Amino acid sequence: MNNEDNARRLDEIDPLPTLRGEFLIPPAPGGPYEEAAYFAGNSLGLQPRATARYLTEELADWARFGVEGHTEGRRPWVDYHELLREPAARLVGALPHEVVAMNTLTVNLHLMMASFYRPAGERTKIVIEDSAFPSDSYAVASQAVHHGLDPAETVVRLRPRDGEEHLRTSDIEAFLAREGHTVALLMLGGVNYLTGQLMDMQAITKAGHVAGAVVGWDLAHAAGNVPLRLHDWDVDFAAWCTYKYLNAGPGAVAGCFVHERHVRDASVPKLSGWWGTDPAIRFRMAPDITPPASADAWQLSNPPILALAPVLASYEIFDRVGMEALRAKSRRLTGYLAARLVPVRGVELITPESEADRGSQLSLRVPDTRGLVQRLAAEHGVIADAREPDVIRLAPVPLYCTFHDCHRVAEALTVLTAQQD
Ligand SMILES: *Cc1c(COP(=O)(O)O)cnc(C)c1O
């Protein structure tokens with residue numbers, strides 16, 4: 001059987017048949033196939049067909065009810081965010097009152113740091129990974145400045161060993177054992193946006209706590225990609241965006257997790273707004289806040305319903321399929337793609353080889369990154385993304401990517417890298 005037939009057969013026999021039909025797949029910008037092979041779901045996930053209905057229903061209720069839609073709509077807006085609570089909790093392995101849908105990712109990281117980054121005495125440092133997403137770097141540096149500290153001294157960037165691509169858990173643990181008394185906050189990405197490395201969140205959280213630090217996770221590339229157990233892992237806080245693996249659309253409303261032991265603790269300082277008071281008495285319009293013992297206490301504003309509707313549409317898909325089944329399919333797809341990429345000349349895989357240490361994303365070091373990504377699209381209808389200076393990222397997202405898509409990108413890269421010689 002040739003590679004293409006084999007890929008089609010793998011699609012037919014897979015225990016989790018593709019849900020591609022539930023998504024709007026962009027047309028191929030070029031090449032022999034009608035639909036794109038879309039590998040940029042780690043950057044912006046594709047649109048579920050259901051999203052339009054969820055949105056038009058809210059528009060219709062607004063048209064019909066005006067302000068009364070807050071209470072009379074089919075999904076009343078005053079507690080619309082409640083609809084997302086249970087699905088979000090299942091997605092990240094949280095108790096329902098530990099999660100809330102609000103704001104965007106970087107905003108949530110700042111709100112979390114306002115509560116949980118409390119530099120004092122010699123314990124002032126914020127530890128991130130050297131290859132952190134820029135927004136995270138800017139956010140932690142600005143938090144240091146906000147506290148009157150010098151970011152150059154306050155922010156510690158963990159680097160892999162010379163000649164290695166990934167942080168070793170044991171090195172992070174050794175760092176914390178050595179320097180942990182100076183660390184106020186450890187805040188890493190659950191899955192690294194550049195290399196695709198999946199961190200051992202449980203072990204690292206534990207090591208951070210042993211060192212006396214607060215441990216928060218940026219789950220931008222982990223939520224909807226790998227199963228999470230935030231409550232059991234004893235994570236202090238976490239935040240994630242919903243437009244990557246979660247397919248809720250550009251700039252969609254993010255998620256936030258605060259561990260139960262903090263939501264119960266009224267002494268945790270917060271930046272507050274009217275949506276963070278007890279909903280039962282919110283409309284008494286009292287001057288003093290009465291925060292509930294839940295992550296809702298961190299809400300500031302009444303949420304953007306038109307931006308939450310796509311998140312609800314997305315969470316319902318994840319709820320129906322389940323993260324365990326998705327992760328199992330993700331391993332099969334990513335494993336297949338990795339095996340097909342190994343023989344391609346001029347392509348170096350920088351994502352961990354072990355399935356336990358990666359999610360969907362495979363990152364490749366290639367020459368002429370931008371040119372390659374353009375030609376993948378224009379000549380082969382394959383959508384990938386480039387990260388300066390020399391990495392392209394491919395995410396065979398298990399909801400809508402197929403083995404045949406993986407075949408297409410492997411073939412396309414084989415052709416294009418041969419031409420580069
Ligand atoms: C995508 C991403 C962001 C983006 O932040 P927004 O506030 O949603 O714009 C931040 N951090 C990481 C690690 C990301 O991958």
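These legends go with close-up views of a predicted model. Local features need pLDDT of at least 70, side-chain atom pairs count only at pLDDT 80 or more, and totals for chains, interfaces and linings use all residues. Numbering starts from 1 along each chain as its sequence is written, and side-chain values use heavy atoms, with hydrogens and water left out.

**View 1. The largest cavity has a volume of about 60 Å³.** A cavity here is a set of points on a 1 Å grid over the protein atoms alone where a 1.4 Å probe fits but cannot get out, and lining residues have an atom within 4 Å of a point. Volume is the space filled by probe spheres set on the points, with points joined across faces, edges and corners. Look for His81, Leu84, Arg85, Ala88, Val99, Val100, Ala101, Trp240, Gly255 and Tyr315 around the largest cavity. Helix H4 (82–92) and strand S4 (99–101) each bring at least two residues to this lining; helices (H or I, at least four residues) and strands (E, at least two) are DSSP runs, numbered from the N terminus.

**View 2. The second largest cavity comes in at about 40 Å³.** Its lining includes Gly224, Asn225, Tyr245 and Phe318. Helix H12 (residues 323–341) gives the most to this lining, with four residues.

**View 3. Glu22 and Arg320 pair up in a salt bridge.** That means a side-chain nitrogen of Lys or Arg within 4 Å of a carboxyl oxygen of Asp or Glu. The closest N and O atoms of Glu22 and Arg320 are 2.9 Å apart. Glu22 sits in the loop between helix H1 (3–13) and strand S1 (23–24) and Arg320 in helix H11 (residues 305–321), so the pair ties together parts 298 residues apart in sequence. Arg320 is exposed at 52% relative accessibility, while Glu22 is partly exposed at 26%; buried is under 20% relative accessible area, exposed over 50%, and partly exposed in between (1.4 Å probe, protein chains only).

**View 4. Arg365 meets Glu165 and Glu348 in salt bridges.** The N to O distance is 2.7 Å for Glu165 and Arg365, and 4.0 Å for Glu348 and Arg365. Glu348 lies in strand S11 (residues 348–349) and Arg365 in strand S12, so this pair joins parts 17 residues apart in sequence. Arg365 is partly exposed, at 25% relative accessibility, and Glu348 is also partly exposed, at 40%.

**View 5. A salt-bridge network links Arg53, Glu57, Glu58, Asp61, Arg74 and Arg75.** The structure as a whole holds 33 salt bridges.

Technical notes: 1 Å grid on protein atoms, 1.4 Å probe; cavity = no way out; pocket = protein on both sides within 12 Å on 5 of 7 lines; lining within 4 Å.
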